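This briefing is meant for a reader who is meeting the structure for the first time. Please look over the sequence and the model before turning to the points that follow.

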Amino acid sequence: MKGLPVLSLLLWMCAVYFVGIYLFVGGFLLVRLEVNRTSTCGDVLQPGEEPVDFCRVQPRFRRAVLLIIDALKIDFAWFDPNNTAPRPYENKLPVLEETVSSRPSHSRLYPFRADPPTTTMQRIKGFTTGSLPTFVDVGNNFASSAILEDNLIHQFGQVGKRVVFMGDDTWENLFPKKFHRSLPFPSFNVKDLHTVDNGILQHLYTTMVGDDWDVLVAHFLGVDHCGHRFGPDHPAMADKLTQMDGVIRSVIDRLHNDTLLVVMGDHGMTDTGDHGGESQKETDAAIFLYSPSPLFPGPPSQSEPDVVPQTDLVPTLALLLGVPIPYSSVGQVLLPLFPPHGQTEGAVGRLSQLEALWINAKQVNRFLETYSGMAKDIPPESLSQLKRQFSRLSSEYLSSVRAGRSPSPQLAASLQAYLTSVRDTCRATWARFNPLKMVVGLAILAFACLTCFVLSELSPALIRENAPGLTAPLVVALAAGACAAACQLLARGYVEVAWCLAAAALSSELLFLWRARRRGGTAAAVVPTDKNGSKAPKRAAWLTPCRLLIPPLLVPLLRCASLLSDSYVIAEGRAVTFLVFSLALYIPVHLNWDGLLLPPIHDPLKAAGFLPPAAPSPSTVRRESGVLLACLGLLVGSLYLSLSFHACREEQGSCQPSPFLSPLSRLQDSQLKNLHYVLSVFSLGLWTYLLRRCLRHYGNLNSSGGTAFAAHWVLPLLSVCLALHWAVSATPDDSFRNLAELIGLAQLALPRAAFCLVALGLSLIWLDPLTVFVKTRGRAGRGRASPLPPPSYRASTGISPQAELHHLIPQIYQRMRRSMDDGGGELSGAGEVDSSPAVKAYGLGTVYSAPLLLFCGLLGIGLLLLHPEGMALSFLLLLLEMGALLHIHASSTNLSSLHGTYSGGFNVPWTPVVLWSLAATQFFHATGHLPTFPSIQWGAAFVGFPDGHTGTLLPASLVTLNTFASHILFAAGCPLLLFWPLVCEVRGSRGARACGEEGEDAVMEMRLRENPQQFSSALLQLSTRYLFLLGAQVFASVCAAAILRRHLMVWKVFAPKLMFEASGFLVSSVSLLIGVSLVLRVDVAVGRWFKRLVPDASR
Amino acid sequence: MWDHEIRAMASTHAIIAASVFMATVIPAALVPGFSVYGTHLLWLYSVSGAVTAVSVAVFWLLGITPPTKKHTVGFKLSRLFRSCLYFFLSCLFFHTVVVLYGAPLIESALETFSLAVLLTSLTTLRCLCVLGPNVQAWIRVFSRHGAMSVWDTCLQITVACTVVGAWVGAFPIPLDWDRPWQVWPVSCSLGAMIGFLTGLVAAPAWIHYHRKHLTYKCK
Ligand SMILES: [Zn+2]
Ligand SMILES: [Zn+2]
C-alpha cells in the first residue's frame, strides 16, 4: 500500500479546487466590512464659530415624502413631446416634465445611478446608509437582515422625527421597530402587480393630510413586478406607469410648503425586465425632486450634474432635514440644492454650498479613517493620497474661516473632487465584479474537474508507475507562482496572492493534463489485460462519448444542469431524491439486462463454453438477488421517509416544515413531546445497536484495543449522555423550580461531556485502529509436508458457528504459517516450526472497515447532538440508507463476480459513487437544512454553551458541523464503498479468480493486503471519483452564478447556493481526506501487526 | 421471413397509433369542452381504453401469444382471470412506484392511479399480449439475450421508451412557468404517450436496420 502518493495526489487535487473556488468567489462576491458606529449631533460642528447643536437648529425642510417606485428607469421618466408613437413605457409620466418646465426653481429630474448589485434590498441599504452595500456585508448577521450600520432612518429617529412607512415589506425586515408607523405588504409574489400599490394608495393620502408624520416613505412595487412578469415593452407597463403618474400628481397637490418630495427608482431594468447586474440599463434609475417652496436658486445651469449617484441622496437629505450624515456614507451633497456661499443668512439651517461640502468631507474622512483601521482592502497608496488631499483642504478651509475671509471658489471644487475620489476608490473596492477573476476561477475549476476525471481513470497506471507524477507539476506550480508574483511586483508594485495561486494552479493542472494525455496511450496498453486480452483499447478510450453517456454519469449531469435553474434549486431536496431513486432502480434493471439478476438458465441449446467455468449455484445467486432487492426496498423506504424531514424555503408557497425540526422544548402538547422524545431515543438506541451489532457480527469486538474500547464503552455512554441531554433540555423551565440549578448544570455539562466522549472515541480509533483479536494456542506438531489442517473455529462472538465460518480468518494464519515454513523453516529449525503456535485472528476480515464504520458512527452521534432532537429519526434513516447502499453495491458486485464477468479489481464503479454523493445532498435537505442563509440552524452554536461564546471560531465551527453533517458523514465514510464488497464477499466468487486452490476461502479485506498496488489504485480512484462528483456540482453552481448574474433570483437563490455548495465542497473534501488517511493509518497498523506476528527470522 | 414480420409489426403499430389518435379526436367531437389538459382524466381513460382494446384485438388476431398446451375452457378462463389480476396488480405497482417517486400520497390519488392505469395499458398490457401472464418470462425478456423473437425486441423498445418518456415527463413539474400541462399528472402521461408513440415508430425501424445482426434462439 502506497499511502503517500494517494494522499499527495488527493491533497493537490483539493488544493487546486480550493484555488478555483477562492478566485471565483473573490471576483463574484463583493465583501465589505460594516462599521458599527453612528454619527451624533455633536459631530457636526461649525468651524470657527461657537458650538451650535446642529440638530436643534431649524432645518430647511421640516418634512419629506419619499416615493420609491421600484425599478423606475430613467427612460420611463423622460418625456419627449415629439415622440408620436411612444412605446408602452415611454411618455407615461408627463407630470415630471410638466413640473420641471413650469416650475424650474422648484423641481429637477436627474438620472439616478445605482451601484451594483442592483437588487432592491441592496439598494434600499444603499440609499439609506449612503454606502455601497455588497452581497456579503460582513458584520451583518445572516439570520436577520436588519441594517446595523448607521442610516438615515436611524438618524431621523435620533432627532425625534416620526417616520411612517408603507409598501415593500423588505423595509420592515431591514429596519425592524424603527418606524413610527408602518404598513408593510408582502413583496415576494412577483406575479402580483397590484397588492402592494393598492395597499399604499389606500393609506397614502389620508396619512399625508394628517399631521403625525415627519418623513413618509412609500415603496411601490408594481412597476418592478410588471417588468419581471411582462418586460417593460408591454401594455401592462403603460397602465402601471400611468397609475404612478396619477399618484405623483395627487401627492404634489397635497404637499405643504415645508415639505420636500423625492420620487425615485431604486434601480432600472434590462429589456427583459430583470435587474441585479451592472449594465447601464439596470443602474440608471430616475430621481425627481420637488418642493412647493423654491428649492433651487434658479433654472438649470451649466454646472448641473448629468447623473446623480445613489449614494448622494443620503448626505443631501440629511443636511436638508437637519440630521447628521450617517457615519458610513460615502456620498457627496447635491450642490444645486444648496445656495452658493454668501447668499445665505448664516443660519445653520440654510447651509451654504461650501459649508455643506465641508461637513460632508469631514464625515467622509472620519469614515475612511475608521474603515482603513478595520479593513485592509482599500489600496494603501490611494488611501494615503486621499489623506494628504484632505489635510491640505482642511487647513486651507480652516485658515480662511478663522481669518474671516470668504474661501476661494476653487476650494469648493477641490472639496468636490476629494469626495468624488473617495467614492470612486470605495466603488472600485466594493462595488465591482471582477470578471477576470471570475473567468480564471471558472477555468481553474473546469480544468480541475477534467483533471480529477482523468486522474480517476488513470489511477491504476499512476500507482503502478510508482510515481504519481506530481513532482513536475508542483515544481512548475511553484515557478509559475513566483513568476506571477515577480510580474506583479514589477508592474504594480504590490503582490496579490490570488493571482500567484491562480498561476500555480493553472500551470500545474495543464502540465498534469498534458502528461496524462501522453501517458494515456501507454497506460491503456498496461491496463490489466484479461485472459483473452480483449481489453486493450488503443488510446485514451476513457474519453469517448459512449463511455461517458452511461446512466450513472447522466444522473450527475442532470443534477449539475438542475443547478442552473432557480426552480430546481428551490426544489432541490425533492429533485435529488428523485434522482437517487431513479439511479437506485437502474441497478437491478441493468443487472437484469446483463442477465446477472437471475440464475442462468441451463439451456441445453446453449453451448457449454458460454458459461463461466464455475457456474454459480442458483441458490447463491437467488440469495444475493434477494439481498439486493431487500436493500433496494430499504433504500426506497428511507428515501421516501426522508422526504418528511424537509424544511421549507420562503419561495415554496404551500409548504409545511417538518414537525421534527422544532426543538422539543417548544412543543406544547406534553403527550406529543413524550412521543417525539421516545421516538428520538429509540432511533438513537437503534443507531448504537446497529453499529455494535455490525461490529460484533464480524468479530471486531473481541479485541482489547482502543477501537474496541470505544465501541464497548464510549458509544453506549455517548448515547446515554445524549438521551439525558435531550430529556433535560426538553423540560419546561417552570416545572421543577427547586431543581433549576441542577438542570442548568446538566444543560452545560451533558453536551460538553458528549463532546469529550466523541473526541475521546475518535482519538482512540485514530491511535489504535486495530480490531483484531489474536488467539494463540499450542498445538501438536505436524510435519512440514503434511497438508494444512482443516481450520478449527471457536464460537466467541455469540453468533452461530456458521457465521463465524465466514468471518473469522484462520486462513490468514495458515498462509502466514506456510510462508514461515517455506521461508524461515531452514533457519529456525524443524523443532521450532513444529511447536509454533496456532494463531487465530478474529476480525481480521474487517480490519479496515470496522474502525471507519465506528468512526462514522461516533461522528454521527456527535453531529446529531448539534441538531434538534427530532432529527435523530433522520439520522437513523441516513445510517439505514448508507447500509442499504453499501449492501446494494456489494450484492451487485457479487452477482457480477459470481457470473465471472467482474473484472474491475477492487475498483468501485460509478453508480454507487454517484449514489453516495447524491445521498449526501439528499440528507443535507433531510436533516432540515436548506441552501439559504435564514435557514442556518444557529441554535447549534449554543449546544453546550448556553451562555454564548467569547470568540467566533468555536460557534462558527459548530454551526458548520451542523450544517454540513451529512456531507461530513458521507465523505468520511466514502472508503467503505471500497471495502463492503469484500466484507460481504461470497465464497467462490473472487476466490476462483484470485488465488487458485485456496479460492474457496473467504479472505475478505485481506485481499487488499495481498494486492497493495490494486488497493492503492482503487482507493485513489474512489476518492477522485467522489471528488470529481463534488467538484462538478461546485462547477455547475459557479457557472450558474456567473451566467445568471442579473437573474431576478441571483442573490436569493444562486449566490447562496454557490456559497453553500462551495463550503460543502470544502467540508466534504476535508472529511474525505480524513477518511482516506484513517484507512492509511489502519494499513500502517496492520503492517506493524503482521511484522510483530511473523518472527524476524522469517524475513 | 423477417420482412414479413416487420411489415406486420409496422401495420400493427400504425393501427395502435391510429387508435390513440382516434381516442383523442372522437371524444373532442362528442363531449363538449373536451381537451387534453382540461379534461385530462377523460382523455387518459379514453386513450388507455382504446390502446387496450386495439392491442388485445390485434395481437389476438395475429396470434403472437405463446401457444398454450391445454385448450380447455377452464384453462382459458383461468388464464384470462390471471391476466386481469396481473393488469390490476401492475396498476398498483405503478401507483406505488409513482408515489415513491414523490407524487402526493393522498391529495391526488385518483390522478396518480389514472397515470398508473395508462402506464399499465401501455406497457404491461403489451407484455400480457406478447408473453402471456408469465412474470418470469417478462423478467427474462428484459435482458440482453432475453429476446426470443422480433416481437420480444419490439416489446423491449416500446416499454423502455414509454417508461423513459414518463420519467422525463416529470422534469417540467417543478418549473415555475404555470402552464396547464405542468399540472400533475398531465406532463407525465403526455411524456409516457409520446414515448410510447416514439417506441411504436422506433421499434420496427430499429429492427429493420439491425435485422442482419439480430439472432434469436427460437424462430
Ligand atoms: Zn427594486
Ligand atoms: Zn425587481
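Predicted model: local features only at pLDDT ≥ 70, side-chain atom pairs only at ≥ 80, totals over all residues.

Is Glu496(A) buried, partly exposed or exposed? With a relative accessible area of 24%, Glu496(A) is partly exposed, since buried would require under 20% and exposed over 50%.

**Overall make-up of chain A**

- Chain A contains 38 helices and 12 strands, and 58% of its 1099 residues count as buried.
- When contacts in chain A between residues at least 6 apart in sequence are considered, 80% of them join residues that are at least 24 apart.
- The domain assignment divides parts of chain A into domain 1 (1-30 + 434-523), domain 2 (62-130 + 146-339) and domain 3 (352-432).
- Taken over C-alpha atoms, the centres of domain 1 and domain 3 of chain A are separated by 44 Å.

**An enclosed helix**

- Helix α33 of chain A, residues 965-972, has 8 of its 8 residues buried, so it is largely enclosed by the rest of the structure.
- The buried residues of α33(A) include Ser966(A), His967(A), Ile968(A), Leu969(A) and Phe970(A).
- Among the elements of chain A that cover these buried residues of α33(A) are α29 (849-865), α30 (871-898), α31 (910-926), α32 (953-963), α37 (1012-1043) and α38.

- Side chains of opposite charge can pair when their charged atoms come close.
- Over all chains, a search of the whole structure finds 22 salt bridges.
- One of the pairs is Asp312(A) with Arg423(A), whose closest N and O atoms are 2.8 Å apart. Because Asp312(A) sits in the loop between β10 (308-309) and α11 (313-321) while Arg423(A) belongs to helix α14 (residues 409-430), the pair ties together parts of chain A that are 111 residues apart in sequence. Both Asp312(A) and Arg423(A) are buried.
- Lys437(A) and Glu496(A) also meet through their side chains in a salt bridge, at 2.9 Å from N to O. The pair links distant parts of the chain, 59 residues apart, with Lys437(A) in helix α15 (residues 435-464) and Glu496(A) in the loop between α16 (471-492) and α17 (497-526). Lys437(A) counts as buried at 11% relative accessibility, whereas Glu496(A) is partly exposed.
- Lys1057(A) forms a salt bridge with Glu572(A), and the closest N and O atoms of this pair are 2.7 Å apart. Since Lys1057(A) lies in helix α38 (residues 1050-1093) and Glu572(A) in helix α21 (residues 572-593), the pair ties together parts of chain A that are 485 residues apart in sequence. Lys1057(A) counts as buried at 5% relative accessibility, and Glu572(A) counts as buried at 2%.
- A network of salt bridges links Arg62(A), Arg162(A), Asp214(A) and Asp258(A).

**The surroundings of Lys240(A)**

- Lys240(A) has its place in helix α9 (residues 235-253) of chain A, and it is buried, with a relative accessible area of 1%.
- The side chain of Lys240(A) reaches the backbone oxygen of Leu193(A) at 3.1 Å, and it makes a polar contact with the side chain of Gln243(A) at 3.0 Å.
- Leaving aside residues up to four places away in sequence, Lys240(A) touches Leu193(A), His194(A), Asp197(A), Gly222(A) and Val223(A).

**Where chain B meets chain A**

- In this interface, 21 residues of chain B are in contact with 21 residues of chain A.
- The two chains bury about 2000 Å² between them, and 64% of this area is on carbon and sulfur atoms. Within chain B, the residues that lose the most area to chain A are Leu100(B), Tyr101(B) and Arg144(B), which together account for 30% of what that side buries.
- Across the interface there is 1 salt bridge, and Asp594(A) forms a salt bridge with Arg144(B), with the closest N and O atoms 2.3 Å apart.
- The interface also holds 8 residue pairs in polar contact. On the side of chain B that touches chain A, α3 (73-100), α6 (135-141) and α7 (150-169) each supply at least two residues, and α3(B) gives the most, with 3 residues. By class, this side of chain B has 13 nonpolar, 3 polar and 5 charged residues.

Note on methods. Residues numbered from 1 in each chain as written. Chains lettered and ligands numbered in written order. Heavy atoms only, no water. Salt bridge = Lys/Arg side-chain N within 4 Å of Asp/Glu carboxyl O. Helix = DSSP H or I, 4+ residues; strand = E, 2+ residues; numbered from the N terminus. Buried < 20%, exposed > 50% of the residue type's maximum accessible area, 1.4 Å probe, protein only. Contact = heavy atoms within 4.5 Å. Buried area = accessible area lost by both parts, 1.4 Å probe. Polar contact = N/O pair within 3.5 Å; in protein donor to acceptor, adjacent residues only side chain to side chain. Nonpolar A, V, L, I, M, F, W, Y, C, P; charged D, E, K, R; others polar. Domains from an automatic or database assignment.
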